[in-house]
Amino acid sequence: AQRPLWVFSVGQPPQVMVFLETFSVHGEEAAEFLALVAEPLARPTLLHEYCITPSSLYASVCAGLRPGEIVDTLVKLSKVVLPSRVTQFVLTEATRYGQATLLQSSGRCFLRSSSRVCLEQLCSDP
């Protein structure tokens, strides 16, 4: 009963929606977490609405959060069982970021990645 988040997915592809009960004991902790991983849609006094998007997940990964940490925190703070579509969306989207870097040397650009699959996918895309 002390958990402040309602997390669910709608539509196809899934859109992850989160409602935050700001009056909860853990409301402030959840609000700080959501500031890192989600985009605010509405923030009236007692109930805030957020959306977790690919862009917001990119920002969270850039801030140093790992995909598994994001899912674990959602599970910890959610009043309801985290839908598998939400877990899959977060893990799929967040693990895409940071797999490749673009390097410039002597006027030429190079892609570098420790993932062969990532490089093959990038090189096959015209």
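**View A. Ser 55 and Cys 62 are the exposed residues on the face of H2 turned away from its buried side.** The model is predicted: local features need pLDDT of at least 70, side-chain atom pairs count only at pLDDT 80 or more, and totals for chains, interfaces and linings use all residues. Residues are numbered from 1 along each chain as its sequence is written, and side-chain values use heavy atoms, with hydrogens and water left out. Helices (H or I, at least four residues) and strands (E, at least two) are DSSP runs numbered from the N terminus. Buried means under 20% relative accessible area, exposed over 50%, and partly exposed in between (1.4 Å probe, protein chains only). The buried residues of H2 are Ser 56, Leu 57, Ser 60 and Val 61. These four cover an arc of only 140° around the axis, which puts them on the same side of H2; the arc is that of the directions from the helix axis to the C-beta atoms. The elements packed against by the buried residues of H2 are H1, strand E3 (39-42), E4, H3 and H4. Contact means heavy atoms within 4.5 Å. Just after H2, Gly 64 has a positive phi of about 105°.

**View B. H2 and H4 cross at roughly 60°, and their axes come within 9 Å.** This angle makes H2 oblique to H4. Angles under 35 degrees count as roughly parallel, over 145 as roughly antiparallel, 65 to 115 as roughly perpendicular and the rest as oblique. Axes are lines fitted to C-alpha atoms, for helices over the stretch in contact, and angles run from 0 to 180 degrees between N-to-C directions. The crossing of H2 past H4 is right-handed. A crossing is left-handed if the near helix is turned anticlockwise from the far one by less than a right angle, and right-handed if clockwise. From H2, Pro 54, Leu 57 and Val 61 meet Phe 89, Val 90, Glu 93 and Ala 94 of H4. By class, the residues of this contact are six nonpolar, no polar and one charged. Ala, Val, Leu, Ile, Met, Phe, Trp, Tyr, Cys and Pro count as nonpolar, Asp, Glu, Lys and Arg as charged, and the others, Gly among them, as polar.

**View C. Helix H3 (residues 67-77) packs with helix H4 (residues 84-94) at an angle of about 155°, the axes being 9 Å apart.** H3 is therefore roughly antiparallel to H4. H3 passes H4 in a crossing that is right-handed. On the H3 side the contact is made by Pro 67, Gly 68, Ile 70, Val 71 and Leu 74, and on the H4 side by Val 86, Thr 87, Val 90, Leu 91 and Ala 94. Eight of the residues in the contact of H3 with H4 are nonpolar, two are polar and none is charged.

**View D. Val 86, Phe 89, Val 90, Glu 93 and Ala 94 are buried in H4.** Seen down the axis of H4, these residues fall within an arc of 100°, so they line one face of the helix. Ser 84 and Gln 88, on the other side of H4, are exposed. The buried residues of H4 pack against strand E1 (5-10), strand E2 (15-21), strand E4 (47-52), helix H2 (54-62) and H3.

**View E. Glu 21 belongs to strand E2.** Glu 21 counts as buried because its relative accessibility is 12%. Not counting residues up to four places away in sequence, Glu 21 touches Arg 3, Pro 4, Trp 6, Gly 27, Leu 46, Leu 47 and Lys 79. Pro 54 is 33 residues from Glu 21 along the chain, and their C-alpha atoms are separated by 24 Å.

**View F. Ser 24 sits in the loop between E2 and helix H1 (27-37).** With a relative accessible area of 12%, Ser 24 is buried. Ser 24 is in contact with Gln 2, Arg 3 and Pro 4, leaving aside its neighbours within four places in sequence. Glu 28, in helix H1, is exposed, with a relative accessible area of 61%. From Glu 28 to Val 90 the C-alpha to C-alpha distance is 22 Å, and the two are 62 residues apart in sequence.

**View G. Ser 106 lies in the loop between strand E5 (101-105) and strand E6 (108-112).** Although Ser 106 is not a glycine, its phi is positive, at about 55°. The relative accessible area of Ser 106 is 77%, so this residue is exposed.
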